[in-house]
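Please open the structure in your viewer and follow the stops below in order, selecting each part as it is named.

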There are 2 protein chains.
Amino acid sequence: MNRVFNFGAGPSAIPLEVLEEAQKNLVDYKGEGLSIMEASHRSKMYDEVHNEAISLMKELYKIPEDYDVLLLQGGASLQFAMVPLNLYRGGKVQYVDSGSWSSKAIKEAKVQNLNMEVIASSKETTYDRIPADIAFDDDADYAYITSNNTIYGTGYKSFPDTKAPLVVDASSDIFSYPVDWSKVDLMFAGAQKNAGPSGLTIVIIKKELLDRAEDSVPTILKYKTHAEKDSLYHTPPTFGIYLLSLIMKWLKENGGIEAIAEKNEEKAGVLYDAIDKSNGFYVGHAQKESRSLMNVSFNIKDANGENNAELEAKFVALATGKGLIGLKGHRSIGGLRASIYNAMSLEGVQALVDLMELFQKENS
Amino acid sequence: MNRVFNFGAGPSAIPLEVLEEAQKNLVDYKGEGLSIMEASHRSKMYDEVHNEAISLMKELYKIPEDYDVLLLQGGASLQFAMVPLNLYRGGKVQYVDSGSWSSKAIKEAKVQNLNMEVIASSKETTYDRIPADIAFDDDADYAYITSNNTIYGTGYKSFPDTKAPLVVDASSDIFSYPVDWSKVDLMFAGAQKNAGPSGLTIVIIKKELLDRAEDSVPTILKYKTHAEKDSLYHTPPTFGIYLLSLIMKWLKENGGIEAIAEKNEEKAGVLYDAIDKSNGFYVGHAQKESRSLMNVSFNIKDANGENNAELEAKFVALATGKGLIGLKGHRSIGGLRASIYNAMSLEGVQALVDLMELFQKENS
């Protein structure tokens, strides 16, 4: 097989060792005579997978005892609705608008007619930074941020201090660095970037927040429902959870979150260095102090400093031909984007950087 | 490999050919150099899978043009909430209570404080039948039934005539027989019995019902959101949909829904015959006129006609040892249950019947 380097934003690369293990067991799981996806979610065979996924997440991510880890469905888009349904108490809620996904969460707060304030935004500078001086009110029902902005390639270097419960959409950087849990009350993420296939959602929630939902909230949309049943209230996405368990084992075998964080710093460093050394041929979208370690969004410029869409398209085509895929930027800002999640190797980033240098020589 | 016969109620057996095809392509999808679960949901590679799954469902199930087919998440349990959120118009809704899953749907209607009536129930006879003489009011906002009752092993032989839109929870019998769409306005099903792995939900909805939801319903919970975006409003469970596409191809190669319906009649016939010929050693839970073709729930009786839990446990252990798994009945009624969905072969049913006959000889 000629395995590609997959720079796609999501669903995205999964470690090869994980895929190979899943492949080996796909038809006959560990000699049981059936696939794990054919097993009852009440079976011993599946139960071990389920519990291992949760316990490894707690161990590697150092999640404190007073948090529950829930395995849900519906992606971040359902969380945009579930967060207010579970945490809003008729007071006010405050959001930071740092990109498209924050905007969608804000839109959903409006759909539910919450008393909602956007307390900081970087929309006016095309979301090229995390807004500065974020100050949430102490008495907000919750405070809401998006830790990493997949499209614009920005991320928080540290989370704001809040008295109000802090909700973090970590869909595109979960498990990529150690979290200071003293600052976070609820974190959620779709699995499809750093934790598995699409269709699985991880919610890490402080237990004291479980009792807030009104009775009229549908049972399936209450976090408490899932916390009380260890995420087995209804049939969970068992195959996705199996892959999550394999990815957690892979993380552990590779030194855990601290080691992957170092590797992520190194990978991003190599790529941002290449951009910064290109004398303006490549220009990053994000301000330096807000640069994401997961998504590197950049443009190719012409001699006048304008985006050169033609060269960008040429680069994407060239890269695709060489097995570096998923580099086209999101349609909202165009250009190029390299998503370098946990499963992307330094070798892959180096291949990209080598191609960028060659391309610049031949096209500038 | 010593493949088991999997009689589990769900997640349940998937055709071996489907698993083998998925295994072959798991690491390297058709030579593309990545797994289908690593592919962007906006990629050409995934798009073909997505469209094929939907078009094959429409073709094989003969779904009329004025229906949309949606690929969602959250299982039947989320549909219990989404149905009223999308279809209730402040009038009244009417439900038939034919088992545990109907009861859960009814409970959710109560959570949402709907004006709800249970117009027929078989609860008093431990759900051993589909209630007779179901008559929905013409002016109900919707009428609700569960086509097959997984736990009690009962199913409708035909759907009631209604003027009100008929909602059918077909979680445990979707794609197992041809549907008279003139009677059905919305059908939903979790995929994990007849259509794929858990974590994928299929909704087939008449287009004229898409406009009913109030603005305040969360965007992700409106059917219209998904219909307008061809089930790509957000990242769908791509790997589950890939398996759905393979299962639809398998169905087509095996003669389609009409052929599988005949096979299902034959399989169920063999098993019910064995029960009926056992002189009261095996006794089915369902009344004959309500017998499910998907789930056969039965007991082993002692000489006094009482359930013999000891022999039932002995049978389950014996069967498991011989590679016939998942036969333990649901805890709510105990006994035995053989789930014989589309993917169960006649050979598997015959192996079960042979064991039942042997067991009776040795234990009566």
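Select Gly255 of chain B, in what is a predicted model, and you will find that this glycine, placed just after helix α6(B), takes a positive phi of about 100°. Stepping back to α6 itself, select residues 238-253 of chain B, a helix of 16 residues that reaches 23 Å from its first C-alpha to its last, close to the 22 Å expected at 1.5 Å a residue. If you display the surface here, α6(B) is mostly covered, with 13 of its 16 residues buried.

Next, select α7 (residues 256-276) together with α9 (residues 346-363), both in chain B, whose axes come within 9 Å and cross at roughly 5°. Because angles under 35 degrees count as roughly parallel, α7(B) is roughly parallel to α9(B). To see the contact, show the side chains of Glu266(B), Lys267(B), Val270(B), Leu271(B), Ala274(B) and Ile275(B) on α7(B), and then those of Leu346(B), Val349(B), Gln350(B), Leu352(B), Val353(B) and Met356(B) on α9(B). Coloured by class, this contact has nine nonpolar, one polar and two charged residues.

Finally, move to α3, residues 75-87 of chain B, where 13 residues reach 18 Å from the first C-alpha to the last, close to the 18 Å expected at 1.5 Å a residue. Where does α3(B) bend? Centre the view on Ala81(B), where the bend is about 30°, and notice that a proline, Pro84(B), follows within four residues.

Notes:
Residues are numbered from 1 along each chain as its sequence is written. Chains are lettered from A and ligands numbered from 1 in the order in which they are written. This is a predicted model: local features need pLDDT of at least 70, side-chain atom pairs count only at pLDDT 80 or more; totals for chains, interfaces and linings use all residues. Side-chain values use heavy atoms; hydrogens and water are left out. Axes are lines fitted to C-alpha atoms, for helices over the stretch in contact, and angles run from 0 to 180 degrees between N-to-C directions. Helices (H or I, at least four residues) and strands (E, at least two) are DSSP runs, numbered from the N terminus. Angles under 35 degrees count as roughly parallel, over 145 as roughly antiparallel, 65 to 115 as roughly perpendicular and the rest as oblique. Contact means heavy atoms within 4.5 Å. Ala, Val, Leu, Ile, Met, Phe, Trp, Tyr, Cys and Pro count as nonpolar, Asp, Glu, Lys and Arg as charged, and the others, Gly among them, as polar. The expected span of a helix is 1.5 Å times one less than its number of residues. The bend at a residue is the angle between axes fitted to the seven residues ending there and the seven starting there. Buried means under 20% relative accessible area, exposed over 50%, partly exposed in between (1.4 Å probe, protein chains only).
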